[in-house]
Amino acid sequence: MEQERIEIRSLTLEELTALMEELGEKRFRAKQLYQWLHVHRAASYEEMTNLPKSLLAKLAERTSLTVLRQETVQVSGLDGTRKYLFALPDGNLIESVLMRYQHGNSVCISSQAGCRMGCRFCASAIGGLVRGLTAAEMAEQVYRIGRDTGERISHVVVMGTGEPLDNYDNLLRFLALLTDENGLHISQRNITVSTCGIVPRIRQLADERLSITLAISLHAATQEKRRELMPVADRYGLPELMEACRYYFDRTGRRVTFEYSLVAGVNDSDEDAKELAGLLSGMNCHVNLIPVNPVKERAYRQPDRGRILDFKNKLEKYGINVTIRREMGRDIDGACGQLRKRYLGSVDPGLHEDKTDGGLG
Ligand code: SAH
């Protein structure tokens, strides 16, 4: 039987060095190779012109070089946001977004094909989980977009489809590749990882003592309300989650961000704001309010502008640090997962059969 191929773009520099030794090559080749893979973001071995042909032949035989294929890109006429649909080597589809901000270009990547967390308002939950992405597949989203635009990417947010902490080992490997000084060398401080709240993994991540920002998808200030929106809350209750967030801050010194999707009539009342302020009081944190993105299959609606501003003002009165997320690319498939889902829908309607809805919406 054929030996399983090594996915070369997922290897750290140390692992590449070990591979060079195993192949009877000079150690310094590892660094050259790493540069081709992570700085030049090579799409084929043919590009690697300063490496011996014999080495490239061995690599072609023993390894796989992960390259994402761009299926489509939608460009916003409003703010230049670019939403990409990529095919993974096995044909699965994922989406990634380039957002242009004053402070630099930010890429939002997917960490899984599909998701099994089942949040009620989320388009990505609808088809369930297909599989977690490898480190190379996560990095490739940043690399292809960088090569496609020719622009520097300074920020990365792991906020696309999937639950990053449900793909923990690959996520950490990806973070190591992305921040390595021999690669793109993106600053840890410019990376945000967003989670629905897998408590043991938050604690594990805290113990890694990275300088990345942790974002928690909170969306409700009481356990009862949160359970209705996010099945993960049945597994990890709100008090445990808040404890884990405090632990993250204690271990890393990094202020935690709480994401709160405002849904009309569900979590947007003055009472909700008061409860949220109470939950977060005394914590060094930041709240990001996101007017919920309507998803076709769900009945959730955004509060009107006045209500959103009232909610923000209320939180501020209680001394909470809060912003309203600027909506990027309003004119292209908005919410996470919608572009991918539309594509899947046009290919095989059976794929987005709803297995997660508990009767809401
Ligand atoms: N699984 C991770 C990261 C992916 S979701 C997490 O839960 O954080 C990224 C963010 O978008 C999360 O805060 C998620 O709750 C939010 N989100 C998903 N669907 C949304 C929608 N329709 N409207 C607004 N926010 C949504």
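The following dialogue explains how to read several features of this predicted model.

Visitor: How many residues of helix α2 are buried?

Guide: Buried means under 20% relative accessible area, exposed over 50%, and partly exposed in between (1.4 Å probe, protein chains only). Helices (H or I, at least four residues) and strands (E, at least two) are DSSP runs, numbered from the N terminus. Helix α2 spans residues 28–38, and eight of its eleven residues are buried. Among them are R29, Y34, W36 and H38.

Visitor: What covers the buried residues of α2?

Guide: The cover includes α1 (13–22), α3 (53–62), α4 (135–149) and α5 (168–179).

Visitor: Which class of exposure applies to T49?

Guide: T49 counts as exposed, at 67% relative accessibility. T49 is found in the loop between α2 and α3. The C-alpha atoms of T49 and Q70 are separated by 24 Å, and these residues are 21 apart along the chain.

Visitor: How many salt bridges does the structure hold?

Guide: A salt bridge is a side-chain nitrogen of Lys or Arg within 4 Å of a carboxyl oxygen of Asp or Glu. The structure holds 24 salt bridges. One of them joins E140 and R9, with the closest N and O atoms 3.5 Å apart. This pair links distant parts of the chain, 131 residues apart: E140 is in helix α4, and R9 is in the loop between β1 (6–7) and α1. E140 is buried, with a relative accessible area of 0%, and R9 is also buried, with a value of 0%.

Visitor: Where do the partners K58 and E25 lie?

Guide: K58 forms a salt bridge with E25, the closest N and O atoms being 2.9 Å apart. K58 belongs to helix α3 and E25 to the loop between α1 and α2, 33 residues apart. K58 is partly exposed at 30% relative accessibility, whereas E25 is buried at 17%.

Visitor: Which parts of the chain does the salt bridge of E259 and R325 tie together?

Guide: In this pair the closest N and O atoms are 3.4 Å apart. E259 lies in strand β12 (residues 256–262) and R325 in the loop between β14 (322–324) and α12 (338–347), so parts 66 residues apart in sequence are tied together. Salt bridges that share partners also join D270, R307, D310 and K314 into one network.

Visitor: Which residues gather in the patch of negative charge on the surface?

Guide: Patches are made of residues with over 30% relative accessible area and no salt bridge, like charges being joined within 9 Å and nonpolar side chains (Val, Leu, Ile, Met, Phe, Trp, Tyr) within 5 Å. Here E224, E228, E271 and E275 gather in a negative patch. Helices α7 (223–229) and α10 (270–280) each supply at least two of the patch residues. E271 is found in α10 and is partly exposed, with a relative accessible area of 47%.

Conventions
Residues numbered from 1 in each chain as written. Predicted model: local features only at pLDDT ≥ 70, side-chain atom pairs only at ≥ 80, totals over all residues. Heavy atoms only, no water. Areas by Shrake-Rupley, 256 points an atom, 1.4 Å probe, with all protein chains shown as cover. Lys, Arg positive; Asp, Glu negative; His and termini not counted. Charge placed at Lys NZ, Arg CZ, Asp CG, Glu CD. Contact = heavy atoms within 4.5 Å.
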